[in-house]
Each structure stands twice: as C-alpha cells, then as structure tokens.
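Subject: A structure for you to look through

Hi there,

Here is the structure I promised to pass on to you. Have a look at it first, and then read my notes below with the view open beside you.

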Amino acid sequence: MWWVGAGYKTRNVDPSALTPPSFLLLNSRPQLLLVISVTMAKDMTLLWASGSPPCWGVQIALEEKNLQGYNQKLLSVAKGEQKSKEVLEINPRGQLPAFKHGKIILNESYAACLYLENQFKSQGTQLIPEGAAEVGLMYQLIFEAQPLAQKIGEVLYYNWKVPEGERHDSAVQRNKEALKEEMKIWEGHLQGCGDFLVGKSFSLADVIIFPVFAYFIRNGGSEERYPNVAAYYKKLRDRPSIKKTWPPTWIDGPGMGTLKDI
Amino acid sequence: MTSSGFPGCQSAPAVPAHMAKSMSLLWGAGSPPCWRVMITLEEKRLQGYKRKLLSFQKGEHKSQEVLEVNPRGQLPAFRHGDVVVNESTAACLYLENRFQSQGNRLIPDSPAEQALVFQRMMEGLTLTDRLNSVIYYDLLVPEEERHDSALKRSKETLSTELQLWEGYLQNVAAGSYLAGPFSLADVVVYPNVAFAFRFGLSAGRFPKLAKYYSLLKERPSIKASWPPQWMSSRQGYDVLKDL
C-alpha cells in the first residue's frame with residue numbers, strides 16, 4: 001500500500017463523531033484515511049497484560065498509527081491467563097502480546113511494531129526515520145534493548161525462574177551487577193539526547209524502549225542514579241499515546257521496590 | 001556462481017563498488033550473528049566491503065579495535081560510513097532498509113508474507129537464546145553455580161523449541177522456506193540451524209530442519225559466507241546429539 005506523499009498525516013478526529021453513511025461520500029483524504037484506519041483497527045485484536053513492556057509497545061504503536069478501536073482483552077499473568085486456550089489459539093507459545101490483524105498473527109512485539117509501521121506508513125506518526133544515521137541508530141537501539149529487558153528480568157524474576165536448589169547468591173549478585181552495567185550504558189546513550197532516543201522525532205525506538213525504562217522505574221529503579229533515563233521517562237510519559245495506554249494496574253500507587261539497589 | 005535458480009542473485013545489475021567500500025565488518029568465525037550480516041551483504045550485492053576476522057579464543061573481540069566500533073566488545077561490529085550498527089538483526093534490517101531495491105528483496109510488501117517474515121525473524125532470537133543456553137552453558141555459568149538439573153532443563157526447553165521450528169518447516173522445499181521465498185527470517189534463523197547441526201543435532205530426529213539446512217547450504221550468499229573453520233573439519237561437537 002504505497003501512498004503518494006510520505007509523511008502525510010491524518011487529523012485526529014474522534015471516530016465516534018462520524019455519522020455513517022454520509023462520511024463515505026466525503027472526498028477529503030484525511031477522512032477517507034480515517035475511515036480506512038477505523039475499519040482496519042476493527043479487524044485487529046490484542047491480548048495483553050498490564051505493565052508488560054512488549055504488550056505496551058504494541059499498544060503505543062497502535063495509538064501512534066491512528067489504529068484506535070482495535071479489539072483488546074486484558075489478561076492476568078498472575079492468574080496464568082497467558083496459558084489459556086484463548087491465547088494458545090493465537091500464540092502456541094502461551095505468551096503475551098498475542099496480536100491478530102484479520103488472519104495475520106504477530107506474537108512477537110517487535111514484529112507487530114515493524115508490521116504496523118510498514119503497513120500503515122503514511123498514517124499517524126512516522127515511526128521509522130528517513131535518514132541513514134537515524135535508521136541505523138533506531139534499529140541498533142531496539143535490538144540493544146533486548147539485553148536490557150533480559151537483565152531486568154533476570155534480577156526481578158530470579159526466584160520465579162530458578163528452582164530453589166539451583167539458586168546462588170553469587171548469581172543474584174552477578175545479575176545485579178550486569179543490570180547496573182547495562183543501565184550505565186543506557187544512561188550514556190541518553191546523554192545529550194533531546195526528547196527522543198533517535199534524533200528529533202518519536203520513533204520505534206521510543207515505542208519499544210520507553211516501556212522498558214518505565215518498567216525499571218516502576219519496579220524501584222533509581223531516578224537519582226540514572227538521571228538521563230529519568231529525564232527521558234518524565235518527558236515522554238505525558239505523550240498522548242503513552243498516557244492513554246499507561247498500565248491500568250500501575251495507577252494504584254508504586255510497585256515492587258526490588259530494583260532500588262541497582 | 002552455481003546455477004541456483006535464484007533470478008535475483010544473477011540478474012540484478014552490478015552495485016556501485018563505492019557503497020560496499022564504505023562498509024566494514026569485524027567478525028568472528030562460526031558466530032551466527034556475524035554470519036547473518038555477511039549473508040545480508042551478499043544478498044544485497046554489497047560484496048567488496050572491508051572485513052577482518054577476529055578470534056574469540058584470543059579475546060580479540062575485546063580489543064581496542066572492536067571497542068572503538070562496539071563499546072560492548074562484541075561481534076559483529078559493523079560500520080557503514082559513520083553509521084554503526086552492531087546488533088546483527090539491526091544491521092540486517094538497516095541494510096534492507098537502505099538497499100531495498102538492489103540485490104534480493106528480503107522483506108516482502110504484502111501484509112501476510114511480511115508479517116510472517118517479521119514474526120519468524122523475531123522468534124529466531126528466542127531460538128538463538130535457547131541454543132546458547134545449552135551450547136555455551138559452561139561459558140555462561142561459573143562452575144560453582146552449575147547444576148545438571150539446570151542444563152537438563154535448558155536442553156528440554158531447546159528440544160521443545162526445535163520441534164516448533166520443525167513444525168514451521170513442515171512444507172520446506174526449494175523456494176519455500178520459513179516465510180515463503182528466502183527472506184530476512186531465513187537470514188536470521190539459518191545460521192542458528194547450521195550451528196545446531198554443527199553441534200550434533202540429529203538429522204534423523206529433525207528431518208525438516210535437516211532438509212532446510214541442506215537446501216539452503218547451496219544458496220550463493222550462504223555458501224560464500226560459510227564459516228571457514230567448519231569447512232576445514234567435518235566433525236563438530238556433539239552436545240546436541242541427544243536432543
């Protein structure tokens with residue numbers, strides 16, 4: 001689907017304000033694209049868990065691409081609902097997010113985000129920049145975010161992942177040190193950054209990585225020790241797509257403080 | 001070049017040499033991530049890039065030369081002019097983005113096919129992790145923290161993972177790979193599969209993976225970038241033979 005005029009944006013029109021069928025007769029491009037995006041969104045379904053960075057990234061992408069109106073269901077990982085039949089039918093791995101667009105299934109959050117940007121390039125925010133340096137940096141950062149997310153998980157979920165007989169204080173210590181080193185790298189990446197991770201505009205790097213930083217801070221990560229990360233977090237948390245999709249279970253006060261020593 | 005039946009490889013126009021000449025790759029032999037970047041460079045007809053083979057065993061991935069490109073001291077370390085992309089999947093995506101219309105298309109446009117390429121590509125990273133957890137167990141876990149039960153569990157997880165990929169390749173045939181025609185999904189995953197067989201994976205127990213492995217072995221970009229020390233010794237290791 002190649003639209004003439006890259007970077008063309010739709011207006012933010014509230015879909016509920018439209019009155020069918022008269023709007024179908026409009027020959028105005030913004031409203032036509034809006035019709036299409038509302039229709040497209042109705043063919044989309046997202047099964048998600050609150051606070052999960054991969055799920056949150058997909059939600060942010062959907063908002064940024066003006067694909068509000070998608071079907072969605074909030075599931076509870078604490079209750080093991082990611083292993084329910086409903087999820088397994090879409091994602092045999094029993095993991096969230098589980099995302100469908102018609103018959104198309106995308107259960108890897110990065111895959112869903114890349115797909116949404118590529119298929120809906122000319123609507124909403126342009127999430128992949130034009131210039132070589134920015135594109136290179138964007139891809140580099142989103143894949144560097146994988147070890148970041150992994151290391152957070154190794155610390156937060158050590159006791160859940162490792163059976164009692166296999167646990168070692170030395171491993172716990174090592175995981176903490178590794179996360180500390182990783183956070184220092186990201187603190188460095190954000191040195192001298194403007195409002196966004198890449199250049200002057202919001203990109204897939206922010207879509208994917210903001211939730212990871214938010215998760216770190218939510219779980220006790222120190223804003224004093226990582227001032228650049230904290231500043232980035234504070235700047236972006238009021239962005240409409242992020243505010244709208246803020247994890248519902250985070251609204252009721254602070255979370256676990258397990259990462260406070262990192 | 002062998003007659004491969006891959007029209008893209010053979011009929012695409014020659015690439016201006018200067019593009020590849022502004023690229024450099026620091027790599028280590030047998031490293032699936034390095035191999036991914038090399039396959040992509042071949043597929044996009046960007047041969048002629050500068051490259052240097054470094055030795056993990058000698059610790060050369062932590063040398064000043066690498067650290068200047070990749071402060072994490074990891075390989076691959078890839079530069080295109082001033083652009084540095086050290087994460088292998090990122091480098092592949094970058095190259096396809098910048099050189100989309102030359103060489104072979106590695107990401108299709110049509111929604112269903114494109115989605116499958118992205119999905120399998122990213123699942124490929126899970127496969128990588130699970131392979132590494134077994135193959136590099138002793139490297140990743142200090143001696144006093146090792147447990148047979150942990151390694152056993154990692155092997156079971158890997159076995160389940162490989163069976164999933166065996167399922168994805170139910171209909172594997174020439175020209176019909178992880179997401180239809182050869183794509184970025186295969187660029188990311190094939191090196192892992194080759195790696196698995198190198199480390200003793202049973203072709204008998206994983207016949208579809210074995211077929212995938214041998215079909216793509218002949219692809220020019222894969223042949224051209226085949227890990228050198230794998231060619232010199234036919235025997236690898238056997239840590240995966242019981243899976």
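Two strands pair if DSSP finds at least two bridges between them. Please keep in mind that this is a predicted model.

**The sheet in chain B**

Let me begin with strand E1 of chain B, which covers residues 23-28. How many bridges join E1(B) to strand E3 of chain B? There are four, and E1(B) and E3(B), the latter being residues 77-80, run antiparallel. To find this pairing on your screen, look for Leu25(B), which stands opposite Phe78(B) in E3(B).

E1(B) also pairs with strand E2 of chain B, residues 50-54, this time in the parallel sense and over five bridges. Here you can look for Trp27(B), whose bridge partner in E2(B) is Leu53(B). As background, strands of a sheet pair through backbone hydrogen bonds, either parallel or antiparallel.

Put together, the sheet is open and has four strands in the order E2-E1-E3-E4 of chain B, with mixed pairing. E2 and strand E4 (83-84) of chain B are the edge strands, each of them pairing on one side only. Is E1(B) mostly covered or mostly open? E1(B) is mostly covered, with five of its six residues buried.

There is also a helix to trace here. E1(B), helix H3 of chain B (residues 32-43) and E2(B) together make a right-handed β-α-β unit.

**Chain A and its sheet**

Chain A has 262 residues, and 50% of them are buried. Its secondary structure comes to 10 helices and four strands.

The strands of chain A form an open sheet of four, in the order E2-E1-E3-E4 and with mixed pairing. Strands E2 (71-75) and E4 (104-106) of chain A stand at the edges with a single partner strand each, so one side of each has no neighbour in the sheet. On average, neighbouring strands of this sheet are turned by 15° against each other, direction ignored.

For one pairing in detail, take strand E3 of chain A, residues 98-101. Three bridges join E3(A) to E4(A), and the two run antiparallel. Lys100(A) has Ile105(A) in E4(A) as its bridge partner.

**Two helices that cross**

Two packed helices are described by the angle between their axes and the distance between the axes. As for its hand, the crossing of H2(A) and H8(A) is right-handed.

**Some backbone details**

Most residues other than glycine have a negative phi, and most peptide bonds are trans. With that in mind, here are some places to check.

- The peptide bond joining Leu96(A) and Pro97(A) is cis, with omega about 10°. Pro97(A) lies in the loop between helix H3 (85-90) and E3 of chain A.
- In chain B, the peptide bond from Leu75(B) to Pro76(B) is cis, with omega near 5°. You will find Pro76(B) in the loop between helix H4 (64-69) and E3 of chain B.
- Asn66(A) is not a glycine, yet it has a positive phi of about 60°. This residue sits in the loop between H2 and E2 of chain A, and Asn66(A) is buried, with a relative accessible area of 10%.
- Arg45(B), not a glycine either, has a positive phi of about 55°. Its place is the loop between H3 and E2 of chain B. Is Arg45(B) buried or exposed? At 19% relative accessibility, Arg45(B) counts as buried, because the cut-off for buried is under 20%.

**The cysteines**

How many disulfides does the structure hold over all chains? The count is zero. Cys55(A), for one, is in no disulfide, and the nearest cysteine sulfur, that of Cys113(A), is 11 Å away. Cys55(A) counts as buried, at 0% relative accessibility. In chain B, Cys34(B) is in no disulfide, and the nearest cysteine sulfur, that of Cys92(B), is 11 Å away. Cys34(B) is buried, with a relative accessible area of 0%.

Enjoy exploring, and write back with any questions!

Best wishes

Methods:
Residues numbered from 1 in each chain as written. Chains lettered and ligands numbered in written order. Predicted model: local features only at pLDDT ≥ 70, side-chain atom pairs only at ≥ 80, totals over all residues. Heavy atoms only, no water. Disulfide = S-S within 2.5 Å. Buried < 20%, exposed > 50% of the residue type's maximum accessible area, 1.4 Å probe, protein only. Right-handed = clockwise from strand over helix to strand, strands pointing away. Left-handed = near helix turned anticlockwise from the far one by under 90°. Axes fitted to C-alpha atoms, helices over the stretch in contact; angles between N-to-C directions.
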